[in-house]
Amino acid sequence: LTEDDLIRSFQAQARRLGIASGNGVVQGIGDDCAIFRPPGGRSDLVFTTDMMHEGVHFRLGESARAVGHKALTRSLSDCAAMGARPLFCTLSLAFPKEAERWAKDFYNGFSRLASVHSVIIAGGDLASTERICCDVAVCGQVPRGKAMLRSAAVAGDTIYVSGTLGKAALALESGRRFVPQARVQLGEQLRDAGVRCAMDLSDGVSSDLARLCKASGLAANLTDVPIARGATLAQALHGGEDYELLFTVPHSRGVPKGCHAIGHIMEGRAGLVLFRGEPLAPQGWDHFRSQ
Ligand SMILES: [Mg+2]
């Protein structure tokens, strides 16, 4: 069982019930954000939601401010992947009564980042639990029909990443601090430059590129990846939580500075990724994969 299998079975059930799209939802389950198209509007709205659980996504010993920062970064990064400008968010937070100080520090980190991006904190929910968890939903705005999609890759496209990879994996293994930054500005810049296909790197390029290829019904040949200083090739290929953008373009003109070409999209089995000619198994983070 993998996370993607579960998502596909949930999606199939929603389709059978006739509730996978409609009511203005033009992109449902399966991309970084859902897309809602208000009738007659000039913009589409995108929605994403992300949970974090103590012991899974963070440890209690970590800085609560940094955890709050990361909680919002995950959803902002999904907005960036669509080329959307984040507008507002909701935050639901559950924590033990004695962790009130922790919760306040978490909120400091969260609200500080929200203010950097002018994201309105519009509401949420609080509960008392044994273990800390949070759920963040973000709504963003993108010009109508211009959202970048995982499914929009075309055979022959060059694949790019927005920065070096393996930073978060290296930090985790060496006990160093790494504060991920959602590439919101870059996402809008790519969208304005006409980029059609993008996603964010939350689980590692080996897993995420396979997802992009699967959504586009195509395969990819990865020839190179920019490795973060001090990181290994394995960390760069499979390490999650770098929150760089992965995108494809039919030509190399106008690709912003700091972005690296890493391979090509090609015809082939949907979701197949080759690395230097050999099949690359998706070994990035998966909540449900049996080891
Ligand atoms: Mg994503």
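Predicted model: local features only at pLDDT ≥ 70, side-chain atom pairs only at ≥ 80, totals over all residues.
Some ground rules. Residues are numbered from 1 along each chain as its sequence is written, and side-chain values use heavy atoms, with hydrogens and water left out. Local features need pLDDT of at least 70, side-chain atom pairs count only at pLDDT 80 or more, and totals for chains, interfaces and linings use all residues.

Helix H6 first. Helices here are DSSP runs of H or I, at least four residues, numbered from the N terminus. H6 covers residues 205-216, twelve residues, and reaches 16 Å from its first C-alpha to its last. That is close to the expected 16 Å, the expected span being 1.5 Å times one less than the number of residues. Ten of the twelve residues are buried, so H6 is largely enclosed by the rest of the structure. Buried means under 20% relative accessible area, exposed over 50%, partly exposed in between, with a 1.4 Å probe and protein chains only. Among the buried ones are Asp208 and Arg211. Just after H6, Gly217 has a positive phi of about 70°.

Now the rings. Phe, Tyr and Trp rings (for Trp, the six-membered one) pair if their centres lie within 6.5 Å; planes under 30 degrees apart are stacked, over 60 edge-to-face, the rest tilted. That gives five aromatic pairs. Phe106 and Phe110 are stacked, because their centres are 6.2 Å apart and their planes at 15°. Both lie in helix H3, residues 100-116, four residues apart, about one turn. Phe106 is buried at 1% relative accessibility, and Phe110 is buried at 0%. Tyr107, by contrast, is partly exposed at 37%. Ring pairs link Phe58, Trp102, Phe106, Tyr107 and Phe110 into a cluster.

Conventions. Helix = DSSP H or I, 4+ residues; strand = E, 2+ residues; numbered from the N terminus.
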